[in-house]
Amino acid sequence: MVTFRMPPMRYAPSTMSVSLDRITDFLSTVPLFRELDRAAVRGFAEYTRERKFSKGARIVAEGDPGDALFVVRSGEVKVVLAGEDGRDVILNVLNVGDHFGELALIDGRPRSAHVIATQASSLLTLSRADFRRQVEQSPQVAWGLMVELSRRLRQADGTIGSLVLLDVPGRVAKVLLEHATPGEPATLVKQLTHQVIAQMIGASRETVSRAMAEFQEKGIISVQRRIVTITDRTALEARARPRL
């Protein structure tokens with residue numbers, strides 16, 4: 001009788017397990033989940049779904065059911081309000097690690113703005129029901145949600161104040177400071193075109209271009225290969241303050 005000796009079997013982790021580990025690693029870097037231990041973050045990761053969008057695709061529309069949180073895993077998206085006159089106002093530009101839909105997690109009301117992919121993007125979604133279920137097991141994340149909503153509210157207050165009290169160059173200066181890295185010299189963490197800045201502050205592209213040219217002439221900023229560097233933060237901060 002001949003017997004064959006079988007080599008010991010080796011089990012490789014499943015693709016799903018590897019993917020779950022990657023999603024857990026990623027969510028651990030997102031402010032909303034950063035204070036949780038890995039087991040708790042993994043609990044949220046298990047309920048996420050990944051969706052891909054091409055450039056220009058509408059991710060959500062104003063008035064859609066508010067039933068999920070979205071986290072940008074790759075690419076870039078913009079949050080937009082469409083005016084009755086056909087003009088768009090950009091409320092925010094979101095990159096990797098940023099998220100939207102926090103209000104829906106609390107009140108479940110319809111979306112208050114459009115969200116459009118400005119690049120090919122991948123987003124993780126977490127339904128309101130699954131989020132609330134996990135929060136019951138990891139209540140710390142509720143505190144993280146309140147901190148994030150407080151930050152958004154302060155940002156909104158600042159935006160409203162700048163629209164009322166600042167001229168166009170002042171508003172441009174404020175946008176540059178809000179999107180710059182710490183220290184000096186500083187560069188913008190997001191490449192914002194003049195058109196995008198204009199849509200963020202309710203101005204025309206031409207007036208934004210004039211303000212940027214003024215800042216360059218005064219040595220406050222420099223622009224090379226579309227990369228904006230703030231060379232005199234003090235002067236830019238002074239320009240972003242209301243002139244009463």
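Select Ile 197 and the residues it touches. Leaving out residues up to four places away in sequence, Ile 197 contacts Val 172, Val 175, Leu 176, Leu 192 and Val 208 (contact means heavy atoms within 4.5 Å). This is a predicted model: local features need pLDDT of at least 70, side-chain atom pairs count only at pLDDT 80 or more, and totals for chains, interfaces and linings use all residues. Residues are numbered from 1 along each chain as its sequence is written, and side-chain values use heavy atoms, with hydrogens and water left out.

The largest nonpolar core has 28 residues. Such a core is a set of buried Ala, Val, Leu, Ile, Met, Phe, Trp, Tyr and Cys residues joined through side-chain atoms within 4.5 Å; buried means under 20% relative accessible area with a 1.4 Å probe, protein chains only. Val 172, Leu 176, Ile 197, Ile 201, Phe 215, Ile 221 and Leu 236 have the most contacts inside this core. At least two core residues come from each of β5 (88–94), α6 (168–178), α7 (194–201), α8 (205–217) and β11 (227–230). Helices (H or I, at least four residues) and strands (E, at least two) are DSSP runs, numbered from the N terminus. Helix α6 gives the most, six residues.

Now show the rings of Phe 33, Phe 44 and Phe 131. Ring pairs link these three into a cluster. Rings of Phe, Tyr and Trp (its six-membered ring) pair if their centres lie within 6.5 Å; planes under 30 degrees apart count as stacked, over 60 as edge-to-face and the rest as tilted. Phe 33 and Phe 44 are tilted, because their planes stand at 55 degrees, with centres 5.1 Å apart. Both are buried. Phe 44 and Phe 131 are also a tilted pair, at 5.8 Å and 50 degrees. Phe 44 lies in helix α2 and Phe 131 in helix α4 (residues 128–137), so this pair ties together parts 87 residues apart in sequence.

Stay on α4. Asp 130, Phe 131, Gln 134 and Val 135 are buried there. They cover an arc of only 135 degrees around the axis, so they sit on the same side of α4; the arc is that of the directions from the helix axis to the C-beta atoms.

Last, select the lining of the largest cavity: Leu 27, Phe 33, Phe 44, Thr 48, Leu 69, Val 71, Leu 124, Thr 125 and Leu 126. On a 1 Å grid over the protein atoms alone, a cavity is a set of points where a 1.4 Å probe fits but cannot get out; lining residues have an atom within 4 Å of a point. Strand β8 (121–127) gives the most to this lining, with three residues.

Methods. Buried means under 20% relative accessible area, exposed over 50%, partly exposed in between (1.4 Å probe, protein chains only). On a 1 Å grid over the protein atoms alone, a cavity is a set of points where a 1.4 Å probe fits but cannot get out, and a pocket is an open set with protein on both sides within 12 Å along at least five of seven lines; lining residues have an atom within 4 Å of a point.
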